[in-house]
Amino acid sequence: MKFNVEIHCNVCGKLVPGGLQTGEAYYQTDDFKTELEEFKQNYLCGICRDVNRSKR
């Protein structure tokens with residue numbers, strides 16, 4: 001099941017292009033909602049992720 005959620009990079013604020021995909025049964029669960037909220041809080045776009053990796 002594909003769905004669209006507004007997710008922004010936590011460093012630069014860019015909107016994530018495209019949507020996300022998951023199983024229809026999992027989409028209805030509380031675990032999914034918790035995991036999605038954690039994903040939103042920790043998301044980095046590709047550019048910011050690469051900058052973060054190169055600093056290590």
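## Charged side chains and a buried threonine

The side chains of K40 and E37 are joined by a salt bridge with an N to O distance of 3.6 Å, the term requiring a side-chain nitrogen of Lys or Arg within 4 Å of a carboxyl oxygen of Asp or Glu. The model is predicted, so local features need pLDDT of at least 70 and side-chain atom pairs count only at pLDDT 80 or more, whereas totals for chains, interfaces and linings use all residues. Residues are numbered from 1 along each chain as its sequence is written, and side-chain values use heavy atoms, with hydrogens and water left out.

By this rule the count is 1 salt bridge. Both K40 and E37 belong to helix α2, 3 residues apart, about one turn of the helix; helices are DSSP runs (H or I, at least four residues), and strands likewise (E, at least two).

T22, by contrast in topic, lies in the loop between β2 (20-21) and α1 (24-27). Leaving aside residues up to four places away in sequence, T22 touches M1, F3, Y27 and F32, contact meaning heavy atoms within 4.5 Å.

The table uses buried for under 20% relative accessible area, exposed for over 50% and partly exposed in between (1.4 Å probe, protein chains only).

| Residue | Relative accessible area | Class |
|---|---|---|
| E38 | 48% | partly exposed |
| E37 | 39% | partly exposed |
| K40 | 26% | partly exposed |
| T22 | 16% | buried |
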